[in-house]
Structures are given as C-alpha cells and as structure tokens.
Amino acid sequence: MSDTNTKIEELVKSSDVVLFMKGTKSMPQCGFSSRVAGVLNFMGLEYTDVNVLADEDIRQGIKDFSDWPTIPQLYVKGEFVGGCDIITEMTLSGELDSMLEENGVTFDKEAADKIREANA
C-alpha cells in the first residue's frame with residue numbers, strides 16, 4: 001500500500017464523518033463541495049474536512065482509493081457513501097438520516113427535515 005493510500009485510510013478512520021472536498025467547510029472552492037458541506041453544516045454534523053486542493057497526492061489518491069472519479073467524497077465510519085448527487089438524493093429521501101442514526105452520528109433532525117421541506 002502506498003503512503004498516500006495509508007494516509008487516506010488514516011484520514012477516513014480519523015473521525016466518524018470525513019468529507020474530501022475542494023476547499024474547506026468554511027470556504028468551499030467548488031459548487032459541488034459547497035453543496036455537500038452546506039448540507040452537513042446545516043444539519044449540524046461534526047465532520048473532518050480534507051482539502052484535496054492542498055495536496056495533489058490526496059486529490060488523485062482519493063479517486064483511486066474509492067474507485068470514484070469525482071470530488072467531493074463523503075465517508076461515514078470509514079465507509080465511502082458517495083459524491084454530491086448521491087448525498088443530495090440521500091438527504092432528500094431521508095436515507096442519509098437513517099444511515100447517520102444507524103452509525104450513531106449526531107445531527108440536527110429538524111434541520112434535515114427543513115432541507116426536505118424546502119426541496120419538496
């Protein structure tokens with residue numbers, strides 16, 4: 001296993017929820033990263049953000065690691081969940097809530113409901 005893969009594995013396991021994104025949760029650098037970070041922030045989720053723009057090895061390595069071609073990428077309890085479209089769909093369907101609850105991840109259920117109401 002390469003150093004990059006080892007580093008990514010450690011990052012993925014470093015916290016219950018990890019978002020590999022372009023930019024940071026307070027300053028996203030692309031629309032898709034901004035949307036996912038916005039959802040997580042609005043839902044009051046505690047998560048680790050990894051700025052792939054700060055590290056070219058991580059930027060390419062995370063795509064190889066997950067076998068997923070795009071960024072952002074969300075991990076919950078070390079498992080790859082998906083990118084922007086998948087997270088958006090899961091948020092709107094309530095699937096993300098269920099997955100977070102099953103994994104014991106704290107979030108604001110009312111905020112999640114508000115997102116669904118606003119997009120109904």
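Start by selecting F20, F65, W68, Y75 and F80: ring pairs link them into a cluster. Pairing here is for rings of Phe, Tyr and Trp (the six-membered ring for Trp) with centres within 6.5 Å; planes under 30 degrees apart are stacked, over 60 edge-to-face, and the rest tilted. Searching the whole structure turns up 4 aromatic pairs.

Before you click on, some housekeeping: this is a predicted model, with local features needing pLDDT of at least 70 and side-chain atom pairs counting only at pLDDT 80 or more, while totals for chains, interfaces and linings use all residues. Residues are numbered from 1 along each chain as its sequence is written, and side-chain values use heavy atoms, with hydrogens and water left out.

F65 sits in helix α3 (residues 56–66) and Y75 in strand β3, so the pair ties together parts that are 10 residues apart in sequence. Helices (H or I, at least four residues) and strands (E, at least two) are DSSP runs, numbered from the N terminus.

The cut-offs are under 20% relative accessible area for buried and over 50% for exposed, with partly exposed in between (1.4 Å probe, protein chains only).

F80 is partly exposed, with a relative accessible area of 26%. Y75 also stands opposite F80 in β4, which takes us to the strands.

Switch to cartoon for the sheet. Two strands pair if DSSP finds at least two bridges between them; β3 and β4 do it in the antiparallel sense over 3 bridges.

Next, the nonpolar cores. A core is a set of buried Ala, Val, Leu, Ile, Met, Phe, Trp, Tyr and Cys residues joined through side-chain atoms within 4.5 Å. The largest one has 23 residues, and L19, M43, L45, L74, V76, L96 and L100 have the most contacts inside it. At least two of its residues come from each of β1 (17–21), α2 (31–42), β3 (73–76), α4 (84–93), α5 (95–102) and α6 (109–118). The largest share, 4 residues, is from α2. A second, separate core of 10 residues includes V12, V18, I62 and Y75.

Zoom in on V76. Leaving aside neighbours within four places in sequence, V76 is in contact (heavy atoms within 4.5 Å) with D16, V17, V81, M99, L100, N103 and V105.

Then select D97, in helix α5. What is this residue in contact with, leaving aside its neighbours within four places in sequence? The partners of D97 are M43, F107, K109, A112 and R116. D97 is buried, at 1% relative accessible area.

Last, a few backbone and side-chain details:

- The peptide bond from I71 to P72 is cis, with omega near 15 degrees; P72 lies in the loop between α3 and β3.
- D67 is in the loop between α3 and β3. D67 is not a glycine, yet has a positive phi of about 60 degrees, and is exposed at 70% relative accessible area.
- K77, in the loop between β3 and β4, has a positive phi of about 50 degrees although it is not a glycine. K77 is partly exposed at 40%.
- K25 lies over the face of Y47, at 4.3 Å from the ring centre. That call needs NZ of Lys or CZ of Arg within 6 Å of the ring centre and within 35 degrees of the ring normal.
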